[in-house]
Each structure stands twice: as structure tokens, then as C-alpha cells.
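Colleague: I'm new to this one. Please walk me through it, starting with a helix.

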Amino acid sequence: MKLIRLRIENDAMDIAYHPVSGQAATAHYLIAYNSDQTIGENLENIKVRLAGLQFDAAILENGLSYPFSDTIVGVNYDRIDVGLALTNLLNIPVVSQAAVDQLGLVAAVKAKSAYLKWHLDYYGQYHGVRNNGQEAEQALTTISHQLTLEINRRGIIAQFEGYFNLPTLDFQAYRQKYGDIARMDRILKAESKTPDAYQVAKQADALMAFYNFDVTTVQKIIEKMGYQLPKEYLTHNIQYYLARTTHGSTLSRIVYAVLNQLDDNDDDAWKLFSEALASDYYDIQGGTTAEGIHLGVMCATLNLTTRNFGGVNPLGAHLQVSPRLPEHWQTLKFKHLFRGVHYVFVIDHQRVTVTADQPSTIMIGKQHYQLQAKKPLSVTYTD
């Protein structure tokens, strides 16, 4: 039996590798314990150091004795079950020296393997080597096909169960009373109410999936769950939730700008993008800029510019380019780093010109192109 023996102290992790149990170690490692990291993070260093070695089990020499486990260690006032942690990291049973002394090595490993089979049923059956969660993955796939969504006849996806039964708010009346209602959540709480009791949102919530992925991907996921969406469902969802959103977060405008562009509503997309772009400059939230800029919305405006207006989509194996420049823009130029390749794009309403610092594949429109290092490629497209 190939073994590793380890002792974990406050300042170091001592590891010995025994390719044959009962014989001398052929390798010895002393890994400094990083007090700025958790025990779990320190155990990752063991995995890195032992990469390439083969072993069947591990013996923990200084495990603490608890009724439910004898492979727990205490380091810097922290506690962790090294047996379970290393099993997850290395796919091996970890036994305590006390168990080996009492039962013998083979019996101790057999007993721990039996325990792990029970404990790791969540991840899949355990037969000496874990199956990397294949059963769990299959179970989660089954669950994902049976999740419940509440979708009405117009294809509007409820933010949560029962959402459609909640009352709406008269935004115009609240504006007349309070002026700025972006933080409607705070206004309602000041009135001893809760926003959870109304059809109101501070920012885009239910439609974030369409922003994070794309319309086709989300639609396929919903269809796999057994739901059929009517035509123009995206338009209905955008209109429905936009009328119930107060944009208390500056990022909310970016999400709805992207959604409106995906729905071919370029005027509203540009309006929301412009508001987000100037949000800190004009301090549209009334005093928050003095506390610090909104770095998230700054990055999001750049992402919208390159990914949506420039049409450079990084979600696939290769960059996909389908520009949709605003009519009053003449040219857009930017750099893009994707999978280690540095690209430079120059895009106008008829042509995409791209240069890469190394050979790569890119898709412009529906056509794949092979780029040579540092040689510009110009492609005419239909705007």
C-alpha cells in the first residue's frame, strides 16, 4: 500500500511519502503553514506538492479525538476535518495514527473507506477512488429539468412564486411625494412597509440571465425545463419589469440597455446607456459620487460598448463579431484580450478590421477567419 504520512502544526505541514507501507519514506516535504490562509487553503499546497505521486491512503499522525471523527486538527485556533478535506482534494481515505495503532493499517483504511462511502453518497458511490461526482452531476441534471418557473400566458417569467399576485405601486404618486424614488426600498421601509410585498425592484433581477448569457442560451434552458415561450416573450418581459424597476443601482440601466438592444429597441438602449455612462459625472444618485466612484458600472459601460455596440462576443470558443454601432457613431476602436491573444479592433458601419498578436481564429458574422500574427484582416459586413 502506497502511503503518505502527515503532521500539521501551527507553523508547518510535515509530509512523508512511503511507496511501500512499513518501509522507509523515499520523499519528505516540509511545507510552511501560511497563517494568512485558511487550513483548507493550506491543504491545497499539499495537493500541489504531491502532484505526480501515487498513493492509496494517508495517515494523520496528530489528529484530535472527537466522537464523530479522529482526523480533525487544530491550527491557530481553527478546526478542520483533514480526513474529509484531503479526501475531497486527493480522492484517498485518510486515517488517524490512533486508528492504525488500534485496528491495524488495512483494517483502519477499510473502515474509513466504508465510512466515506456513506458520507460521500452525495457526490457518488465510493469504491476506493471517488468517481468525481458523476452521480451528483446526473442528479443535478435531472433536477435542472424539473425546476418550477411561474410563467404567465404572455411569457413573462415571475421573479418568484406568487409575484404576480402582489400589488403594484403608483410610481407617479411616489415621485410627486418624494421626488427621486430610485431607492424605493428605503422609502417603503420608512413607511413601515417592505418592498417584498409589492411588484417593485431596485434593479434588474429576473432578467439578469439574459444579460449574463444570451437569449438563445436562456431560452434553450427554459425549454429543457418543459416550458414553451410565446413569440415576443422577451419584449413582454422587458416592458413588464422595466415598468416596475426604479434603478436604485446604476448597473440596472446597463442591464436594461443590453436587453433593449437585444430586443431591437435601440433608442431606449441608447438612452439607458447614456444615463449609466454619466451616472457618476452628474452624480445622479444625489451625493454618492463623493463617497467613491461606481467602478462596476464604469466597467459595464465599457463592456456594453465592446460586446454589444462593437459586437465582440467572448462567450464562445472563439471571438464572435457582429457589430451594431449606434447610427451617430462613425468608428469604434478598442483592444481586447481573449485567451491570451491581444486583439485590436477598428469597426465602422461597413467594415471590421482586426489585428492579433498571434495566429488565431475569429468569427465575423457567420464566417470563420484565420488571423496571422500582426497582419490586419478587414471584412465587410452588413450593418
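Modeller: On one side of H9, Lys220 and Lys224 are exposed. Exposed means over 50% relative accessible area, buried under 20%, and partly exposed in between (1.4 Å probe, protein chains only). Keep in mind that this is a predicted model, where local features need pLDDT of at least 70, side-chain atom pairs count only at pLDDT 80 or more, and totals for chains, interfaces and linings use all residues. Residues are numbered from 1 along each chain as its sequence is written, and side-chain values use heavy atoms, with hydrogens and water left out.

Colleague: Which residues of H9 are buried?

Modeller: In H9, which spans residues 215–224, they are Val215, Val218 and Ile222. They lie on the same side of the helix, because their arc around the axis is only 75°, taken from the directions from the helix axis to the C-beta atoms. Helices here are DSSP runs of H or I with at least four residues, strands are runs of E with at least two, and both are numbered from the N terminus.

Colleague: What do the buried residues of H9 pack against?

Modeller: Three helices: H8 (208–212), H10 (233–242) and H11 (250–262). Contact means heavy atoms within 4.5 Å. Just past H9, Gly226 has a positive phi of about 100°.

Colleague: Now the sheets. What is the strand order in the five-strand one?

Modeller: That open sheet runs S3-S2-S1-S4-S8, with mixed pairing; two strands pair if DSSP finds at least two bridges between them. Strands S3 (27–32) and S8 (94–96) are at the edges with a single partner strand each, so one side of each has no neighbour in the sheet.

Colleague: How do S1 and S4 run?

Modeller: Parallel, with four bridges joining S1 (residues 3–8) to S4 (residues 57–60). Ile4 stands opposite Ala58 in S4.

Colleague: And the four-strand sheet, what is its order?

Modeller: S11-S12-S13-S16, an open sheet with antiparallel pairing. Its edge strands, S11 (332–338) and S16 (377–380), each pair on one side only. Five bridges link S12 (residues 341–347) with S13 (residues 351–356), and Val344 faces Thr355 in S13.

Colleague: What about confidence, what is the mean pLDDT?

Modeller: For the protein chain it is 84, and 89% of the residues reach 70 or more. pLDDT is the predictor's confidence in each residue, from 0 to 100.

Colleague: Where does pLDDT stay under 50?

Modeller: Over residues 122–133, for which the model has 28 contacts beyond four places in sequence. Where pLDDT is low, predicted coordinates should not be read in detail.
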